[in-house]
Amino acid sequence: MDSANAEISHRFPQLLPDEKSILFTIKQSNIATFDDALIAIQDLSTGRRKVLVHGGAYARYVPTGHLAYVRGKSILLVPFDLDRWEVTGSSSEVLEGGWMNQGSGDAKYSFTAGGLLAFIPLGNVALNINTVNWLDRTGGVRPVLQEPKAYYTAGLSPDGQKLCLNINAANDDIWVYHLTRQTLSRVTFGGGNHASPVWSPDGKYIYYSAESGQTGSICRKPWDGSGVGETLASINGAFLTDVSRDGKSLIFARNGDIWVLPLEKHEGVWNFTNSSPSEYGRLSPDGAYMAYESNESGTFEIYVTPFPGKQGKWQISGGGGRRPIWSHTGTRLFYQRGSSMMAVDVSGGSSFDFSTPAVFSDLPSSTIPCDVSMDDRQFLVITSQTEGISTRRIDVITDWFQEIRERYTK
């Protein structure tokens, strides 16, 4: 990748008919959607490269002498001379469809060597379909932010006044929403993906994962976005889930395990679970126990074990469990089971004990619990409005190449 040109990933390669070159999509660190990506060609033996299209993704060479690619809601064609590596005309919209994901550039269209085209006729998949809400015990939902966006995670600040948000795009970024002022401000700016934010115990910083091309790291930055992000460790693929109340331990998931990054002694990271896939862990407020989800039984269930020593383990859930959330007092543990939020009363100290799980509230469909309010009475959730973009339809066009020759070839 050409870092001087802000390239951080290459995607969707196609070996061209000359078997000497490939067509592919370039993601740069400063683009917001793949409508702004680049389409390039490169010689496999010499490395010579040329950008053919500025603005589009998922390009494919068509034997009629065209490049097909997706931008916005449309599949476009542009005439192309493979021998000279030259775009020889302007692009034309040929079909509305292809269903391009603005966050990844992936598109849903394909054609055979004989000219049979299949595509999803829905236009682009909108990223901005998620809402952040409060969910109460009755299952009632109250919006926190009115405008839908591509919210992915959300967390409540220690003072209960702000939310840290991960908003997906071609390059994901961290934002903060002030609940009282009702203002949304950006914390990270370009340079690749920034994700999985969690608050420091004093509320001054946000910890997050960062990725730029093949390099990943764990960073922190003041919540107001001032200054430069501080790199704490170089780690690929970290998904942050919690920070201990004493500020000494940062918890993150990676490769199906839960890991710990010491924050004070600057020691190396260590594997906490090292078992069957465990994707999400959170510490009790007193830091004495870790609640986590694991599918070691074949189904994801919620477990609790002492932290950091793991002397003993208790299975909390039955019939499935995901996304554990401790109450702020530490006397109750919540988790998701299907379409319900469950609650378990717990007691710690030298002898851990817990009650029978009980339904705390209903959970609407396509809703993910992220955090609990300061009074432990309602949940911060992200709900996806998927109904508006779902489809069960695939369109097929026969003799597509012949149509191109008749309509788009001079």
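This is a predicted model: local features need pLDDT of at least 70, side-chain atom pairs count only at pLDDT 80 or more; totals for chains, interfaces and linings use all residues.
Trainee: What percentage of the residues count as buried?
Mentor: The accessible surface comes to about 18700 Å², and 46% of that surface belongs to carbon and sulfur atoms. A residue is counted as buried when its relative accessible area is under 20%. Of the 410 residues of the protein, the buried share is 51%.

Trainee: Among contacts between residues at least 6 apart in sequence, what share joins residues at least 24 apart?
Mentor: Contact here means heavy atoms within 4.5 Å. For the protein, the share of such contacts that join residues at least 24 apart is 39%.

Trainee: Is D173 buried or exposed?
Mentor: D173 belongs to strand β16, which covers residues 173–178. Leaving out residues up to four places away in sequence, D173 touches L165, N166, I167, R186, T188, F189, G190 and H194. The relative accessibility of D173 is 4%. Because the limit for burial is under 20%, D173 counts as buried.

Trainee: Which residue has a side chain joined to that of D173 by a polar contact of 3.0 Å?
Mentor: The residues that D173 touches include R186, T188 and H194. A polar contact requires a pair of N or O atoms within 3.5 Å. The side-chain partner of D173 at 3.0 Å is H194.

Trainee: How many residues apart in sequence are the parts that R220 and E230 tie together?
Mentor: R220 and E230 form a salt bridge, with their closest N and O atoms 2.9 Å apart. R220 lies in strand β20 (residues 215–222) and E230 in strand β21 (residues 230–233), so the pair ties together parts whose separation in sequence is ten residues.

Trainee: Are R220 and E230 buried, partly exposed or exposed?
Mentor: The relative accessible area is 21% for R220 and 36% for E230. Because buried means under 20% and exposed means over 50%, R220 is partly exposed, and E230 is likewise partly exposed.

Trainee: What is the N to O distance in the salt bridge of D395 and R393?
Mentor: A search of the whole structure finds 14 salt bridges. D395 counts as buried, at 19% relative accessibility. The side chains of D395 and R393 meet in a salt bridge with an N to O distance of 2.8 Å.

Trainee: Which residue forms a salt bridge with E403?
Mentor: Helix α1 spans residues 400–408 and holds both E403 and R407, four residues apart, about one turn of the helix. E403 is partly exposed at 25% relative accessibility, whereas R407 is exposed at 56%. With the closest N and O atoms 3.3 Å apart, the salt-bridge partner of E403 is R407.

Trainee: What arc around the axis do the buried residues W400, F401 and I404 of α1 cover?
Mentor: In α1, W400, F401 and I404 are buried. They lie on the same side of α1, because the arc they cover around the axis is only 100 degrees.

Trainee: What accessible area do L116, I394 and V396 have together?
Mentor: V396 is found in strand β37, residues 395–397. L116, I394 and V396 form a nonpolar patch on the surface. Together, their accessible area is about 280 Å².

Methods:
Residues are numbered from 1 along each chain as its sequence is written. Side-chain values use heavy atoms; hydrogens and water are left out. Helices (H or I, at least four residues) and strands (E, at least two) are DSSP runs, numbered from the N terminus. Buried means under 20% relative accessible area, exposed over 50%, partly exposed in between (1.4 Å probe, protein chains only). A polar contact is a pair of N or O atoms within 3.5 Å; within protein, one must be able to donate a hydrogen and the other to accept it, and residues adjacent in sequence count only if both atoms are side-chain atoms. Patches are made of residues with over 30% relative accessible area and no salt bridge: like charges are joined within 9 Å, nonpolar side chains (Val, Leu, Ile, Met, Phe, Trp, Tyr) within 5 Å. Accessible areas come from the Shrake-Rupley method with a 1.4 Å probe; for residues, only the protein chains shown count as cover. A salt bridge is a side-chain nitrogen of Lys or Arg within 4 Å of a carboxyl oxygen of Asp or Glu. The arc is that of the directions from the helix axis to the C-beta atoms.
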